[in-house]
Structure formats: C-alpha cells, structure tokens
Amino acid sequence: MVNRFFSYISLFQIVCVVCLVTSLIGCGQTNTSAQKPNIIFIMSDDHATNAISAYGSHLANVASTPNIDRLAAEGAILNNCFANNSICTPSRAAILTGQFSHVNGVRTLSDQLDTTTVHLAHHLQAIGYNTALIGKWHLHSEPQGFGYWNVLPDQGLYFNPEFIEKGQDEHSDFHNRTAQTHEGYVSDIITDLAIDWLQKQAKDQPFMLMMHHKAPHALWEYHPKYKDLFKDVEIPEPASLFENMKHRSDATRDVGNTLMRLAQRMSGQIKISSVHNYDEWPTGKLNIDGLDQKQIIRAVYQKYLKDYLRTVASVDESVGRVLDYLKENDLEDNTIIIYTSDQGMFLGEHQYLDKRWMFDEAIKMPFLIRYPRAIEVKTELNSLISNVDFAPTLLDYAGANVPDNMQGRSFKSLLEGDELTDWPSSIYYRYWMHRSTTPAHYGIRTAEYKLVFYYALNLDANNYGHPDTKAAWELYDLKNDPLEMNNVYGLAEYQDVIIDLKRQLKNTKKQIGDTDEQYPELLQRLKITK
Ligand code: CA
C-alpha cells in the first residue's frame, strides 16, 4: 500500500512537473517566436536620404529629424536601399507586389495596380493579420487586401484634405467616390487616423498598418507653425548645384536642369513653365530684381529647401507621435516599425529637383527599421537592397512563405547580422516614362559603378507624347566620384569595366524577364549606340 501510495505521489509530481515545463515552454513561445510581430510601415513621399539627419548629409547640421533618427539609434539604417523605378506610383506597386514594373504592370505614373493583384497585404491577411492603409495611395484603383483603408484621392491636399474611406461609397469609378473633408493639416490628420486605428486593435491579433504621408511632396505647403523654421538660416548648398554638364552624354547634357528653369521662369527669361506645375508653388514667389542667374538659382534653392524641410518637420513629428504611442501602450517590443519613402528626391543636386533619374539622390530610399526582438541597436546595413525586397522581408518576419511570383528576396537575415555570400552585388533600375525633363533609361548599379543606357524612346506603355531623343550610355565611378559629377563612359581605362557591367546588365534583364523583345526600336538603339 505504502509503496503504491508513493507511486501515486511520484506520478502526480511527474505530471505536475511536465505540465509546468510545457506551460513554461508555451509561455516562452507566446512571448517570442510564436507571436507574430505587428508591422507599422510609415512611408512618406519624396523624402531624400539627404534630408534625414541620421544619414549625415551636408544638411544634417541645419535640418534634424530626431524622431526618424531614433529608429536608426534603436534599430537599423540601410545605406544602400534603392527604388527600381524612381517615381511615386511604380515604386508603391513594387513595394506591395515584390515585382519589377514590367511584371506588376505599373510602369508609369498613370498605370493603375490591377485590382486582381495579390500582394503583401493579402498574404499577411491570409496568416491572420489585420491590415490597414491610411494616407496616400496613388495606385489609382480601389485598394485591395486591407481590412480598413482611408486614403487621399490621387495626390491629395495639404490643407483640409479629402479622404475616401472603405465602405462609404461603392461607385465603380474609385475617384468618383464620395470623399470626406477633414479639417486641418494633412500630416497631422494621417497621424490621427492611424492612431485611432491602432487604438482599436485587439491585443491577440497581429496587425500591419501602412501609414503613407503626402509630405514632403511638391508643392511643399508647410504647417503655419513652421513658417519661421530656418528663418535666419543659410541652407548649405550641395557640391553639384553648379555642376558643369560638359561631362554628360548627348542624351542628358541639355535636359532637365529643373532648378535653373525655375530660376529662368522667376526672372522672366522663360514665360511658360516647363517644369510641371511649379507655377502654382504657393510660397514660391521671390523678389529676384537685380540678381544675376547664379544668384537667382541660389535664391530659388534656399526657398525650395526651406519649404521642403518645413514639411519634413511635420513628418518627423508624426513619427514621434507613433513611437510615443507604441511606448505608452507596451507595443514597442513586438512591433516592427519602418520609416521609408517611395523614392529619393533631388534637393538641388545636379541643379535638379524632382526624381526619376538614376542618380543616387533620386533612387536612394531612406529605410530605417526597429524591431527590438531581432535587430541590434545601431545596426548599419550596406548591402544593396531594392524595394522589391521589402515585401519578402516583411513576409519572412511574419512567418509566411514568400510566394514564387515575388522577384525580391528577404533581407531579414542580413538585418540580423548574417552574411549572405550569394546576396546580389547589383541593383537594376528602369525609368519607363520619357519626358522632356528626363529621358527613358535603364541601368545597373553595383557598390563601385553605375552604368546607364538612355534609350530615350517614347514606348507604347508610356505614351506621354514626347518625341524620341538621343540615345547614349553613361558610366559613373562611384568610389572616386560618389556625387556622380564625371561621366567616364568614353575613357579607355574603363573599357573592361564597361564590358563586365554590360554583361551583368544583360544577365539581370534576362533573369527578371525585362528583355525588350517587344520593342525592336529599342533593341536597334542598343545595338548601334556605342
Ligand atoms: Ca514620390
């Protein structure tokens, strides 16, 4: 009897210990690997890395972004992250689909994302995520894959903007749906809507919020409270503001120069603006009496940068509000928070504003990410990352399979300190539109070089009515010329480099299926352009 009694006790104890251990393992899983991370993806519009102080540019000392910088201090900063097509709509499509423009069908500003396209948000929904999109959408069709959306029609307004909200109107033409006006400043309103949505999230369901700012997109209408920001400050000029364009190819030498054109218009040298709608720049009027052309360019630069950076101040403030919300609600540890922009922006470099060109200022995207559970503080990633890699990376963090039709690759393990010897050593770029300010082109960028082919044709997919222009190649030696102020394509000492880069470019185009067989006129130009 006694023995049997002790046997029962022992068995009971063993069962208890097993239960306890199981329970502890279970607890551990709940708090770590088994619990899917929340994702907050904050994306602004046209925010250059040079205008984020964590990137340490010539502007860092006058224009700080303390809240965005916190993500780098508490997580990782990517130093070589690139848009594969540096213009709003195509970049947004590439981010969601993980595909290049020729595959997702969004090559130009006017292409829309097909509503049958299955993308990042659908894949996260399928594994239990609650998904939302708030702010700028700019993919023209009705957003899909989001449990909630509330978006600006097209570009949206800075003041008292209208929003189209999911479920409010079912008109078949998305842009004809009834919109609701929100009183106030757009960056504040997007933040308010985002925090409202976060407050409604259940604790036991992971979420992904895409919070997309309109700022700092043209025409740089800043919040009135920032009107005196930079009042007596001289904004430092970029080294390439007065670049001598003699080194450029026939395709680009006399094209663009948007800041100069703006200056010419302001000084009355040209009557009709050829630089988009900058005529309507609300605070852009300057007194330029008695100034020579160089002085006018300098004055326009100061005005442009100050307005632009004032809109950035509101975006940085918004990031601070979201970070505070996560802290106050104990969401910091299990939330991946990203700050990025749909592409870069010229801030007077090469005397340009806008983006589009394959110069680094336009194609380089800011990308800062904090995820305390997996990413060490102050991580710097120098690998070449493309925006088609974003969706695979987020799916990887969420524990989902990356579908075969995504062309990018997860860089999760790179962020966590692994070295991947087979990570691509180049990125591919293609700007499909062909306009008077920027010819159509494609190219390849490695850590050391950038080779660009300006095919300069108005192809069927981007029928903007601009006549074909001269085709040419350009090569930049990024180690010796990081600001890309010296095209070395014609120099004998680079001929071996050019042969190798052209081989890489051809292989990449073949690999991603962008071979241009449907464009014989392009292939002919490729053949004859030396
Ligand atoms: Ca943009």
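**View 1. An open sheet of four strands in the predicted model**. The strand order is β13-β14-β15-β16, with antiparallel pairing. β13 (426–431) and β16 (472–477) are the edge strands. Each has a single partner, so one side of each lacks a neighbour in the sheet. On average, neighbouring strands are turned by 10° against each other, direction ignored.

**View 2. Pairing of β13 with β14**. β14 covers residues 441–446. Six bridges join β13 and β14 in the antiparallel sense. Ser-426 stands opposite Thr-446 in β14.

**View 3. Helices α12 and α13 on the sheet**. Helix α12 (residues 495–512) touches β13, β14, β15 (449–454) and β16. The direction of α12 makes about 110° with that of β14. Helix α13 (residues 520–528) also packs on the sheet, touching β13, β14, β15 and β16. The direction of α13 makes about 125° with that of β15.

**View 4. The crossing of helices α2 and α8**. The axes of α2 (residues 66–74) and α8 (residues 293–328) come within 7 Å. They cross at roughly 55°, and the two helices are therefore oblique to each other. The contact residues divide into five nonpolar, two polar and four charged. From α2 come Pro-66, Asn-67, Ile-68, Arg-70 and Leu-71. They meet Asp-316, Glu-317, Val-319, Gly-320, Leu-323 and Asp-324 in α8.

View 5. Asp-45 counts as buried because its relative accessibility is 0%. Asp-46, at 1%, also counts as buried.

Methods. Residues numbered from 1 in each chain as written. Predicted model: local features only at pLDDT ≥ 70, side-chain atom pairs only at ≥ 80, totals over all residues. Heavy atoms only, no water. Buried < 20%, exposed > 50% of the residue type's maximum accessible area, 1.4 Å probe, protein only. Axes fitted to C-alpha atoms, helices over the stretch in contact; angles between N-to-C directions. Parallel < 35°, antiparallel > 145°, perpendicular 65-115°, else oblique. Contact = heavy atoms within 4.5 Å. Nonpolar A, V, L, I, M, F, W, Y, C, P; charged D, E, K, R; others polar. Pairing = 2+ DSSP bridges.
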